[in-house]
Amino acid sequence: MSTQHVLLGLLAGGARHGYELKRAHDARLPRARPLAFGQVYATLARLQRDGLVVPAGQERDGGPDRTAYALTDQGRAALEHWLGTVEPPMPYLASTLFAKVVVALLATDVDRARAYLTAQRRAHTERLRELTAVKTAPTASLDDIVAADFAIAHLDADLRWLHTTLDRVADWHREVHS
Amino acid sequence: MTQLAARGVVKAYGRTPALAGVTVDVAEGEIVAVTGPSGCGKSTLLHCLAGILRPDAGEVTWRGERIDTWSEGARSRLRRTEFGVLFQFGQLVAELTAAENVALPLLLAGTGRRVARTAALTWLERLGVADVADVRPGEMSGGQQQRCATARALVTEPRVLFADEPTGALDTLAGEQVLTQLVRLAREQRTTVVLVTHEPRIAAYADREVVLRDGLVDHTGLGLDLPLAGGHR
């Protein structure tokens with residue numbers, strides 16, 4: 001994920017300082033990989049260096065000075081370009097899960113591959129249940145629901161693959177070693 | 001505490017075995033998903049637990065009392081008063097409006113027309129479909145129909161709701177909306193739910209999964225999954 005572009009997007013509605021950006025990020029992208037404060041400030045520094053944001057005043061609220069940042073025209077153009085670019089749909093099969101089954105079949109045997117597939121399926125099923133609880137909680141916001149939906153749909157797709165592959169693993173092993 | 005149980009239940013259709021000795025305990029207020037591949041016997045188990053089918057062997061108990069030996073009339077009364085049933089589709093009476101459909105079980109149980117209508121409207125509201133109260137099923141979306149069917153299954157405030165692939169005929173979003181509301185209301189009312197599904201993402205709504213394979217309980221538990229044995233080549 002491009003942290004730079006997410007921060008540009010969060011600044012599209014008006015100037016914000018680092019702390020506000022971190023909070024907005026966590027609210028709008030629940031369950032994203034955690035974003036540290038240090039990363040926010042480092043990214044803002046890079047965006048400023050590249051002319052995509054500019055400092056837009058200081059704010060003091062009982063604590064240390066906070067610098068607010070605003071999008072430049074160049075920053076807005078970069079954001080527009082990013083939003084208009086279609087992501088390549090799965091250009092590579094870059095899944096550790098997939099690679100692990102292939103390697104298990106190459107390096108060991110069918111039982112080992114099955115044991116891994118079964119254990120992975122259990123972990124996926126547990127995570128599916130956790131995320132379903134998150135999205136059906138009465139307090140769930142639409143942010144939570146949409147984020148959980150994304151994860152659920154991907155876990156569900158993986159689970160279907162795990163089920164099917166368990167049924168195919170013996171044939172697959174024969175082919176790999178023929 | 002066990003509310004509903006199957007003990008060594010066997011059921012065949014002619015020479016085709018469906019259940020080969022299934023034992024399952026369901027606690028009061030529990031939401032249990034019965035899952036497994038096609039033809040594993042999950043719908044047959046639901047029908048036996050709900051007293052719709054009578055097992056060839058084994059026992060079905062409701063609050064410690066055997067019900068599989070009861071007469072059809074007694075089991076039918078039990079289903080009307082204590083159980084609610086929800087199927088995949090095609091359960092609403094086409095000639096009746098949503099409110100009339102939902103009021104139907106109450107009217108059959110002898111409730112007055114006005115009280116039944118009020119209860120029906122309350123349940124349609126809870127399922128988020130109050131706006132179609134006076135609409136007939138043919139003019140509703142699949143999701144609206146299934147929410148009405150859910151309202152009708154819950155209007156008698158059953159102790160147990162049996163749901164057989166209740167979202168099977170719906171698109172993903174409509175299915176999830178039906179299920180989210182069903183689960184939320186069941187938890188509020190402490191209604192036990194026996195949910196038959198072949199989809200992992202639907203089973204994930206339950207507290208516990210009972211996984212069947214070839215007419216037997218393969219295993220049961222929280223988020224357990226299918227075993228290695230059997231069917232895999």
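This is a predicted model: local features need pLDDT of at least 70, side-chain atom pairs count only at pLDDT 80 or more; totals for chains, interfaces and linings use all residues.
Me: Which helices and strands does chain A have, and in what pattern do they run along the sequence?
Reply: Start with the count. Chain A holds seven helices and three strands. Read along the sequence, the pattern is α-β-α-α-β-β-α-α-α-α.

Me: Is chain A a compact globule or more spread out?
Reply: Look at the radius of gyration. The globule rule gives 16 Å for 178 residues, and chain A is well over that, so it is more spread out than a compact globule. Its C-alpha trace spans about 65 × 40 × 30 Å along the principal axes. The radius of gyration of chain A is 22 Å.

Me: How far apart do the C-alpha centres of the two domains of chain A lie?
Reply: The domain assignment gives domain 1 as 3–84 and domain 2 as 96–176. Four residues of domain 1 of chain A are in contact with four residues of domain 2 of chain A. On the domain 1 side, two are nonpolar, none is polar and two are charged. The C-alpha centres of these domains of chain A lie apart by 35 Å.

Me: In what order do the strands of the open sheet in chain A stand?
Reply: β1 (16–17) and β2 (53–60) of chain A each pair on one side only. β2(A) also pairs with β3 (residues 65–71) of chain A, in the antiparallel sense over six bridges. The three strands of chain A therefore stand in the order β1-β3-β2.

Me: Which helix of chain A packs on that sheet, and at about what angle to β3(A)?
Reply: The helix covers residues 3–11 of chain A. It touches β1, β2 and β3 of chain A. This is α1(A), and its direction makes with that of β3(A) an angle of about 90 degrees.

Me: Is Glu59(A) buried, partly exposed or exposed?
Reply: Glu59(A) sits in strand β2 of chain A. Leaving out residues up to four places away in sequence, it touches His17(A), Arg66(A) and Ala68(A). A buried residue needs 20 or more C-beta neighbours within 10 Å, and an exposed one has 12 or fewer. Glu59(A) has 14 inside 10 Å, so it counts as partly exposed.

Me: How many bridges join β1 and β2 of chain B?
Reply: These strands of chain B cover residues 2–13 and 16–27. They form a hairpin with two residues between them, and Gly14(B) in the turn has a positive phi of about 60 degrees. Ala12(B) stands opposite Pro17(B) in β2(B). The strands pair in the antiparallel sense, and the number of bridges is nine.

Me: What separates the centres of the two domains of chain B?
Reply: Domain 1 of chain B is given as 1–82 + 159–225, and domain 2 as 85–157. The contact takes 18 residues from domain 1 of chain B and 19 residues from domain 2 of chain B. Taken over C-alpha atoms, the centres are separated by 23 Å.

Me: Which element gives the largest share of the domain 1 side that touches domain 2 in chain B?
Reply: By class, this side has eleven nonpolar, four polar and three charged residues. The elements of chain B that give two or more residues to it are β7 (160–164) and α6 (172–189). The largest share is seven residues, and it comes from α6(B).

Note on methods. Residues are numbered from 1 along each chain as its sequence is written. Chains are lettered from A and ligands numbered from 1 in the order in which they are written. Domain bounds come from an automatic or database domain assignment. Two residues are in contact if their C-beta atoms, placed from the backbone, lie within 7 Å. Ala, Val, Leu, Ile, Met, Phe, Trp, Tyr, Cys and Pro count as nonpolar, Asp, Glu, Lys and Arg as charged, and the others, Gly among them, as polar. Helices (H or I, at least four residues) and strands (E, at least two) are DSSP runs, numbered from the N terminus. Axes are lines fitted to C-alpha atoms, for helices over the stretch in contact, and angles run from 0 to 180 degrees between N-to-C directions. The radius of gyration is taken over C-alpha atoms; the globule rule is 2.2 Å times the number of residues to the power 0.38.
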